[in-house]
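Subject: Handing over a structure

Dear colleague,

I am passing this structure on to you, and my notes on what was found in it follow below. Please read them with the structure open beside you.

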Amino acid sequence: MKRSKLVMLNFMALCCVLGLFTKKLINPMANVITEALHIPGGISTGFSIMFLVIALEAAGMRGGGSLMGCVQGLLALALGRVGSMGIFMPIGYLIPGITTDLVFGLMKKGRFPRQERMVFANALAALMASVTANVLVFRLKGAVLWLYLCVSAASGSVYGLLGSWIAGRLNTAFLWYSDKSGGNGS
Amino acid sequence: MKNKRVMFFILSLLALAGILSAIHLKTRDTSAQGNVKVSHKGENFVLDYNKWQYEPVSGIRINGKGDEISVEGNGIELSTVLEQLNIDHYRNVIVSSDDSYSAEVSADEAEENGKVYLMYEDDELRLIVFGDADSKRSVSNVVQITVE
């Protein structure tokens, strides 16, 4: 396996773990907003997805989002971090992963700027995560459902913007790395 | 920040979220602190749950991870609350929290002795369904009970 590919896979694994655990860090801040709006959540998921989108942007691997979503879901299940979704938790991680793959597939590099790709991917993936949570757990209806979905998409898009800024800095590091050491077979 | 399309997209979503927040906060059913609203066949009863006669309850509930959690505290059976309102014939009960999260309990479950409780915790009500395999029906800060 090429060393640069191994580095990317390691980076993707790191982002899976970061996505899973950093969600807890912003939960207190997210809870303040969701409690004020009287909705059951939808803000911290986008932050978790941001790491998937960053990894996908950096690695550029086809199907990488689904792979990372699958790994995250299995990790969450193994560690008992299943939240209110219970046994269906892997679905809650897999669907945003598939969504990021689809958006990155449709908005190919070169045709759309990085910022657009990442913001749309993050917003749509966060929206799909909320749709999944609503179908499996919350079963919200009416105005509260639309608010919940809109808050998810809005927060997802903000995290996407943050992610594109981070990816911009990482891109330089990865380009430097692949120039120096990429291509060494092992 | 250079991309105007991205900024327009984000600001539109935030504006839409703001409008929907205003609509939701204006139109949602609210009950004062210490009260729970019970709806049945178009009738609404606002009950002060601080005045209820609670009994000591203890048992085991199973959370989403499959772990057993010991529950101890004061609670009242859901069926007792409905009996006090003379509600006898119903199919199911939907218990909703302040953040619109809700759980459904069937009439058979509600009437089963020692299964469905409204626990009094930190000046709030929490729905506990003993024997559930997950924590989906553990609803905190209960504000509304809809009887169907």
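The lining of the second largest pocket consists, by class, of 10 nonpolar, 9 polar and 10 charged residues, where Ala, Val, Leu, Ile, Met, Phe, Trp, Tyr, Cys and Pro count as nonpolar, Asp, Glu, Lys and Arg as charged, and the others, Gly among them, as polar. This pocket holds about 920 Å³ of space, and of the 29 residues that line it, Arg139(A), Ile94(B), Ser96(B), Ser100(B) and Ser102(B) are the closest to its centre. At least two lining residues each come from α5 (114-138) and α6 of chain A and from α1 (4-27), β5 (92-97), β6 (102-106) and β9 (142-147) of chain B; helices (H or I, at least four residues) and strands (E, at least two) are DSSP runs, numbered from the N terminus.

This is a predicted model, in which local features need pLDDT of at least 70 and side-chain atom pairs count only at pLDDT 80 or more, while totals for chains, interfaces and linings use all residues. Residues are numbered from 1 along each chain as its sequence is written, chains are lettered from A and ligands numbered from 1 in the order in which they are written, and side-chain values use heavy atoms, with hydrogens and water left out.

On a 1 Å grid over the protein atoms alone, a pocket is an open set of points with protein on both sides within 12 Å along at least five of seven lines, whereas a cavity is a set of points where a 1.4 Å probe fits but cannot get out, and lining residues have an atom within 4 Å of a point. Grid points are joined across faces, edges and corners, and a volume is the space filled by probe spheres set on the points.

The structure holds 2 cavities of 30 Å³ or more, and the second largest cavity has a volume of about 30 Å³. Its lining is made up of Glu57(A), Ala58(A), Arg114(A), Ala167(A), Leu170(A) and Asn171(A), which divide into 3 nonpolar, 1 polar and 2 charged residues. Both α2 (44-59) and α6 (142-181) of chain A supply at least two residues of this lining, with α6(A) giving the most, 3 residues.

Also in chain A, the axes of α3 (residues 64-79) and α4 (residues 89-106) come within 7 Å and cross at roughly 165°; axes are lines fitted to C-alpha atoms, for helices over the stretch in contact, and angles run from 0 to 180 degrees between N-to-C directions. α3(A) and α4(A) are therefore roughly antiparallel to each other, a term used for angles over 145 degrees.

Turning to chain B, 5 strands form an open sheet of mixed pairing in the order β2-β1-β9-β5-β6, where two strands pair if DSSP finds at least two bridges between them. β2 (43-48) and β6 of chain B stand at the edges with a single partner strand each, so one side of each is left without a neighbour in the sheet. The twist averages 20° from one strand to the next. Within this sheet, β1(B) (residues 35-40) and β9(B) run parallel and are joined by 4 bridges, and Ser39(B) stands opposite Thr146(B) in β9(B).

Another open sheet is formed by 4 strands of chain B, with antiparallel pairing in the order β3-β4-β7-β8. Here β3(B) and β4(B) (residues 68-77) pair over 8 bridges, and Ile60(B) stands opposite Ser70(B) in β4(B).

With best wishes

Conventions: Parallel < 35°, antiparallel > 145°, perpendicular 65-115°, else oblique.
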